Amino acid sequence: GRKFQPGRLEKLDRAGLLGGTSLSVDDGDETEIYQEGSANRGRGVVITRATGIDPAIMTALRVLVSSDEEWNAAGEAVGNFVTENSGGKENERLARLVAQKALELELEGKETTLDDDQ
């Protein structure tokens, strides 16, 4: 496996690809309050059930799983990981594996199975 390398999350955040878990709320105390369901209202991307994984999510995953060699070959630019296999075949395999695992973990938290829902 690979570890997510330092600095990549900051680049993705600057590119607006991380979304957020809270929004600043002006409640007089200048504190951030978590608001259920509002994480992507201000920025970021959304995974839709109708179209699958948003291409921006796959771009972010390609960046995160890229080796130092792949990252340097791409000029350390998030935009160079937009297309399928843009980081190489192994990079694409790992990005898809991470996406698959994330979806599996999300489904594990659901109360019913696919068979129950049909």
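This is a predicted model: local features need pLDDT of at least 70, side-chain atom pairs count only at pLDDT 80 or more; totals for chains, interfaces and linings use all residues.
Trainee: How confident is the predictor, by pLDDT?
Mentor: pLDDT is the predictor's confidence in each residue, from 0 to 100. The protein averages 76, and 72% of the residues score at least 70. Over residues 21-27 the pLDDT is below 50, although this stretch has 16 contacts in the model beyond near neighbours in sequence (contact: heavy atoms within 4.5 Å). Residues 29-45 also have pLDDT below 50, with 31 such contacts.

Trainee: What makes up the secondary structure of the protein?
Mentor: Helices (H or I, at least four residues) and strands (E, at least two) are DSSP runs, numbered from the N terminus. The protein has five helices and two strands, in the sequence pattern α-β-β-α-α-α-α.

Trainee: Why is Val 65 called buried?
Mentor: Buried means under 20% relative accessible area, exposed over 50%, and partly exposed in between (1.4 Å probe, protein chains only). Val 65 has 4% relative accessibility, so Val 65 counts as buried. Val 65 belongs to helix α2. Leaving out residues up to four places away in sequence, Val 65 touches Arg 2, Phe 4, Glu 70, Asn 91, Leu 94, Ala 95 and Val 98. The C-alpha atoms of Val 65 and Arg 2 are separated by 6.4 Å, with the two residues 63 apart along the chain.

Trainee: And Glu 70, buried or exposed?
Mentor: The relative accessible area of Glu 70 is 14%, so Glu 70 is buried. Glu 70 lies in helix α3, residues 68-73. Beyond its neighbours within four places in sequence, Glu 70 is in contact with Arg 2, Val 65, Phe 81, Gly 87 and Asn 91.

Trainee: What makes the pair of Glu 70 and Asn 91 a polar contact?
Mentor: A polar contact is a pair of N or O atoms within 3.5 Å; within protein, one must be able to donate a hydrogen and the other to accept it, and residues adjacent in sequence count only if both atoms are side-chain atoms. The side chains of Glu 70 and Asn 91 make such a contact at 3.3 Å.

Trainee: How do you know that α2 is largely enclosed by the rest of the structure?
Mentor: In α2, 10 of the 11 residues are buried, so the helix is largely enclosed. These buried residues pack against α1 (8-14), α3 and α4 (89-108). At the start of α2, a side-chain oxygen of Asp 54 reaches to within 2.7 Å of the backbone nitrogen of Ala 56.

Trainee: What is called a nonpolar core, and which residues make up the largest?
Mentor: The term covers a set of buried Ala, Val, Leu, Ile, Met, Phe, Trp, Tyr and Cys residues joined through side-chain atoms within 4.5 Å. The largest has 10 residues: Leu 12, Leu 17, Ala 56, Ala 60, Val 63, Leu 64, Trp 71, Ala 74, Val 78 and Phe 81. Helix α2 (residues 55-65) gives the most to this core, with four residues. A second, separate core of seven residues includes Leu 61, Leu 94, Ala 95 and Ala 99.

How values were computed
Residues are numbered from 1 along each chain as its sequence is written. Side-chain values use heavy atoms; hydrogens and water are left out.
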